[in-house]
Amino acid sequence: MKKASTCAAMVVLITIMSVVAAGEAKMKITSSAFQQGGNIPSKFTCDESDTSPPLQIIGIPSNAKTLILIADDPDAPGGLFTHWLVWNIPAHTNSIAEGSAPKGVHGTNDFGKSGYKGPCPPPGTHRYSFKIFALDRELDLRSGAKRSQLDAAMKGHVLAQGELVGHYARKK
């Protein structure tokens, strides 16, 4: 009986280790401007100043070499629409101030621009996802790269990730 318990404990331990090794460890990304699943204030959208929201990052793995920040709208009429891409963010970055961008390499969003471009949806409520990824290495990807290039470059290098989702519907 004791041998069976030890075997079961080993299986659980190996499963936990494989989940962490597979890049499924969790970090947390939050904002003082809105809660998980809450409404994004219009200040952070095209309806007002289009300022990037303040973000806090918790649980960055000690072995992370760099971070990636992606903001997107999975509810866009044409499919996933990217609003912000930044990679090679220093791994010690645990906050991003309102209206600022983290140090790192900036990609081209689906507006064809570099930098943050906030929610600006057609009618209806859309979800906006702010994702943070910890990587085991820096990416050799040029400034201005697009989302598909970033997704390909980060594949197999994610140590942990977190996501903050907010909602927005235009009033106009």
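In this predicted model, residues 24 or more positions apart account for 70% of the protein's contacts with a separation of 6 or more. The chain of 172 residues has 44% of them buried, and its accessible surface comes to about 9200 Å², with 57% of that area belonging to carbon and sulfur atoms. Two helices and nine strands are present. Along the sequence they follow the pattern α-β-β-β-β-β-β-β-β-α-β.

The strands can be taken sheet by sheet. Six of them form an open sheet of mixed pairing, in the order S1-S9-S8-S4-S5-S7. Strand S1 (25-26) and strand S7 (105-106) stand at the edges; each has a single partner strand, so one side of each is left without a neighbour in the sheet. Helix H2 (residues 147-154) packs on this sheet, where it touches strand S4 (66-73), strand S5 (81-90), strand S8 (126-135) and S9. The direction of H2 makes about 140° with that of S4.

Strands of a sheet pair through backbone hydrogen bonds, in either a parallel or an antiparallel sense. Further into the sheet, S4 is joined to S8 by seven bridges, the two strands running antiparallel; within this pairing, Ile68 lies opposite Phe133 of S8. Seven bridges also link S4 to S5, again antiparallel. S5 in turn pairs with S7 in the antiparallel sense over two bridges, with Trp87 opposite Val105 of S7.

S2 and S3 run antiparallel and are joined by three bridges. Thr30 stands opposite Gln56 of S3 in this pair.

Attention now turns to the interior. In soluble globular proteins, nonpolar side chains tend to be buried together. The largest nonpolar core of this model has 25 residues, of which Ile29, Leu55, Leu69, Trp84, Phe130, Ile132 and Ala134 touch the most other members. Strand S3 (55-58), S4, S5, S8 and S9 are the elements that give two or more residues to this core. A second, separate core has 13 residues, and Ile70, Leu141, Ala145 and Val158 are among them. Neighbours within four places in sequence aside, Phe130 is in contact with Ile29, Phe34, Ile40, Pro53, Leu55, Ile70, Ala71, Tyr116, Gly162, Glu163 and Leu164.

Finally, there is a covalent link to consider. A disulfide is a covalent bond between the sulfur atoms of two cysteines. One disulfide is found in a search of the whole structure. The pair is Cys46 and Cys120, with their sulfur atoms 2.1 Å apart. The link is right-handed, with 85° about the S-S bond. Cys46 lies in the loop between strand S2 (28-30) and S3, while Cys120 lies in the loop between S7 and S8, so the pair ties together parts that are 74 residues apart in sequence. Cys120 counts as partly exposed because its relative accessibility is 30%, a value between the 20% limit for buried residues and the 50% limit for exposed ones.

Terms used
Residues numbered from 1 in each chain as written. Predicted model: local features only at pLDDT ≥ 70, side-chain atom pairs only at ≥ 80, totals over all residues. Heavy atoms only, no water. Pairing = 2+ DSSP bridges. Helix = DSSP H or I, 4+ residues; strand = E, 2+ residues; numbered from the N terminus. Contact = heavy atoms within 4.5 Å. Axes fitted to C-alpha atoms, helices over the stretch in contact; angles between N-to-C directions. Buried < 20%, exposed > 50% of the residue type's maximum accessible area, 1.4 Å probe, protein only. Areas by Shrake-Rupley, 256 points an atom, 1.4 Å probe, with all protein chains shown as cover. Core = buried A, V, L, I, M, F, W, Y, C linked by side-chain atoms within 4.5 Å. Disulfide = S-S within 2.5 Å.
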